[in-house]
Amino acid sequence: MRILKIKSTNKIIEAQSHATEGTLISNALSRGFDASEIEESLVTQEQYNTLINTQNENDKTYLDKRRLEYPSIADQLDDIYNNGIDAWKATIKITKDKYPKE
């Protein structure tokens with residue numbers, strides 16, 4: 001698999017499994033990238049998966065991370081009903097502290 005990354009950020013901007021050498025660079029140049037900004041390389045599928053998963057994790061904002069970790073609304077309402085608002089606040093604060101505003 002060939003990938004094309006922006007050198008300064010290591011962000012993958014294109015990937016193709018059957019591209020020939022230079023194809024991705026040509027595509028990027030036609031989209032307005034400067035050749036000095038980009039880098040094409042050959043990676044295994046496993047390497048690609050690792051790179052893209054890391055990139056996706058790094059692209060998440062604190063809000064994205066909080067949304068994934070907060071209990072569902074139904075569970076939060078149950079928590080408030082069964083344990084009170086202060087217990088609910090304590091539960092939510094754990095996630096807020098783990099992913100502070102940027």
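Helices and strands are named here as DSSP runs, numbered from the N terminus, and the model they are drawn on is predicted.

**Close-up 1. Three strands form an open, antiparallel sheet.** Welcome to the sheet, where the strand order reads β2-β1-β3. β2 (12-16) and β3 (38-42) are the edge strands, each pairing on one side only. On average, neighbouring strands are turned by 15° against each other, with direction ignored.

**Close-up 2. Strand β1 meets β2 in an antiparallel pairing.** Here we look at β1, which covers residues 2-6 and is joined to β2 by 4 bridges. For a handy landmark, find L4, which stands opposite E14 of β2. Strands of a sheet pair through backbone hydrogen bonds, and the arrangement can be parallel or antiparallel.

**Close-up 3. Helix α1 packs on the sheet.** Residues 23-30 make up α1, and this helix touches β1, β2 and β3. The direction of α1 makes about 155° with that of β3.

**Close-up 4. Helix α2 lies across β1 and β2.** This helix takes in residues 45-59 and runs at about 150° to β2.

**Close-up 5. The largest pocket holds about 150 Å³ of space.** By residue class, the lining of the largest pocket divides into 5 polar, 3 charged and 1 nonpolar.

Definitions and conventions:
Residues numbered from 1 in each chain as written. Predicted model: local features only at pLDDT ≥ 70, side-chain atom pairs only at ≥ 80, totals over all residues. Heavy atoms only, no water. Pairing = 2+ DSSP bridges. Helix = DSSP H or I, 4+ residues; strand = E, 2+ residues; numbered from the N terminus. Axes fitted to C-alpha atoms, helices over the stretch in contact; angles between N-to-C directions. Contact = heavy atoms within 4.5 Å. 1 Å grid on protein atoms, 1.4 Å probe; cavity = no way out; pocket = protein on both sides within 12 Å on 5 of 7 lines; lining within 4 Å. Points joined across faces, edges and corners; volume = space filled by probe spheres on them. Nonpolar A, V, L, I, M, F, W, Y, C, P; charged D, E, K, R; others polar.
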